[in-house]
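Welcome, and please have a look at the model below.

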Amino acid sequence: MIEFRDVSKTYTGSHRPVVRDLSFKVLDGEICVLVGPSGCGKTTSMRMVNRLIEPSSGEILIDGEPNTATSATQLRRRIGYAIQQIGLFPHRTIAGNIATVPGLVGWEKDRITARVNELLELVGLDPEQYRDRYPAELSGGQQQRVGVARAMAADPPIMLMDEPFGAVDPITRNRLQDEFLRIQQEIKKTIVFVTHDIDEAIKMGDKIAILKEGGILAQYDTPENILAAPNSEFVSSFVGTDRVLKRLSLTRVSELELEPANGASDLPRIDERTNLKDALSEMIGAGVERGLVVSHQNDVRGTISIQKLKNLSYQAQAGQHSA
C-alpha cells in the first residue's frame, strides 16, 4: 500500500506550492490514476513516491514504512518506472534493456534470461524475434511495450507510470491500454499512473485522484463514483458534460443480460469484452439497431440493441440528476 500523508512540495525560490497537503491511499493491487490540468502537480506527486523529487513536508509511506527508510537508490530498484519518452538505451538490445535492473540487483544470468523471455511474451512480443533487436528497429508501440516490460523486470510490487502510452497514435494507445489491463489482471501490481486524459483515467483506474491548480486534491474516488457524483463544479467541468456516455465505458457487454440471437447471424459481431460505449458506436457506425455478441473464441452469446443501451443511459441520467 502507498499512503500520502499531508504531502506538499514547494520549489526553492517559489512561494506557491506545486503540491499542497496531498493525502490519500493506494491499496495493494490497485491502479491509482493522477489526472488534472497541466501544472497541477501530477508528475511531481508521482516522482515523490520513488524520491526522484523530495517532498517539502509530509511523508509517503510504503507498506506502513516511510519511503525514506532506505536509500533512494535501493528504493528505486524496488519500484518499476515507465515514462512517455520510453527511455530505452539505444546501444543495448531489447533483452539488455529489460535486464537492466535485474542485473543491478545481482540476479544470475539464467534467471535474467528466463525473466526477459517471460516478459516479452507477456507484452505480446516473440522473444526469438525481438530479444536481440535494438530499440531503433522497433515501432513506437513496440518500444512502449518494451518500456513496460523493463519496468516490471525485477518483479517490483509497485510501478510508477508517467503517461506511458501518450507518445503513440490513438489506435495503438487503445491496444496498449487493453494489453496492460489484461496483464494487470495477472500481476496485480500497485500502480500510480499519471495522465492528462480523463478518458484514459476512467479506463485505467481503480481509483482516480483529480488534482487542480496548486496541487490540491479535488476528489479521490472510483471512476463510477466520480462520474455519478462529482463533488464540485471543477470536477464536473473536468470530467465533461458526457458523463453518462463515460459511465457506459465502465461496463462490458458481457456484464449485461443479452437478448436471444435467433435469426441474427447477419448482424455485425461485437466482442463480449467490448465496453458499452464502444458497442454503441459500432452499431451506430454500421447503421443497425442490434449487434451479435460473440466470445473471444467467436462463439455466439446473444444480441445487444441500441434501445437497451438507451434505456441504460436514461437510468444513468436519472441517477446523475438525483445525485
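## Ground rules

Helices (H or I, at least four residues) and strands (E, at least two) are DSSP runs here, numbered from the N terminus. This is a predicted model, where local features need pLDDT of at least 70 and side-chain atom pairs count only at pLDDT 80 or more, while totals for chains, interfaces and linings use all residues. Residues are numbered from 1 along each chain as its sequence is written, and side-chain values use heavy atoms, with hydrogens and water left out.

## Two domains

The protein chain is assigned domain 1 (2-240) and domain 2 (247-319), with bounds that come from an automatic or database domain assignment. Between the C-alpha centres of domain 1 and domain 2 there are 32 Å. Keep both domains in mind, as they return with the largest pocket.

## The largest pocket

A pocket is found on a 1 Å grid over the protein atoms alone: it is an open set of points where a 1.4 Å probe fits, with protein on both sides within 12 Å along at least five of seven lines, and its lining residues have an atom within 4 Å of a point. Grid points are joined across faces, edges and corners, and the volume is the space filled by probe spheres set on the points. The largest pocket has a volume of about 1,300 Å³. Its lining holds 34 residues, and those nearest the centre are Asp 178, Leu 181, Lys 203, Arg 252 and Asn 275. Two or more lining residues come from each of α8 (170-187), α9 (198-204), α10 (223-228) and α13.

Which helix gives the largest share of this lining? That is α8, with nine residues. Each of domain 1 (2-240) and domain 2 (247-319) supplies at least three residues to the lining. By class, the lining of the largest pocket has 18 charged, nine polar and seven nonpolar residues.

Strand β6 gives the most to the lining of the second largest pocket, namely four residues. By class, that lining divides into 11 nonpolar, five polar and four charged residues.

## Salt bridges

A salt bridge here is a side-chain nitrogen of Lys or Arg within 4 Å of a carboxyl oxygen of Asp or Glu. By this rule the model has 14 salt bridges. One of them pairs Arg 5 with Glu 3, N to O at 3.1 Å. For accessibility, buried means under 20% relative accessible area, exposed over 50%, and partly exposed in between (1.4 Å probe, protein chains only). Arg 5 is partly exposed at 38%, whereas Glu 3 is buried at 12%. Another bridge joins Glu 54 and Arg 51, with the closest N and O atoms 2.9 Å apart; Glu 54 is partly exposed at 34%, and Arg 51 is buried at 15%.

Arg 301 and Glu 272 also form a salt bridge, their closest N and O atoms being 3.3 Å apart. Arg 301 lies in strand β13 (residues 300-305) and Glu 272 in the loop between β11 (269-271) and α13 (276-286), so this pair ties together parts that are 29 residues apart in sequence. Arg 301 is partly exposed at 45% relative accessibility, while Glu 272 is buried at 15%. Elsewhere, salt bridges that share partners link Arg 115, Glu 118, Asp 155 and Lys 189 in one network.

## Cysteines and a buried strand residue

A disulfide needs a pair of cysteine sulfur atoms within 2.5 Å, and the structure holds zero disulfides. Cys 32 is buried at 0% relative accessibility, and Cys 40 is buried at 1%.

Leu 34 is part of strand β3 (residues 31-35). Leu 34 is buried, with a relative accessible area of 0%. The C-alpha atoms of Leu 34 and His 196 are separated by 8.2 Å, with the two residues 162 apart along the chain.

Methods. Nonpolar A, V, L, I, M, F, W, Y, C, P; charged D, E, K, R; others polar.
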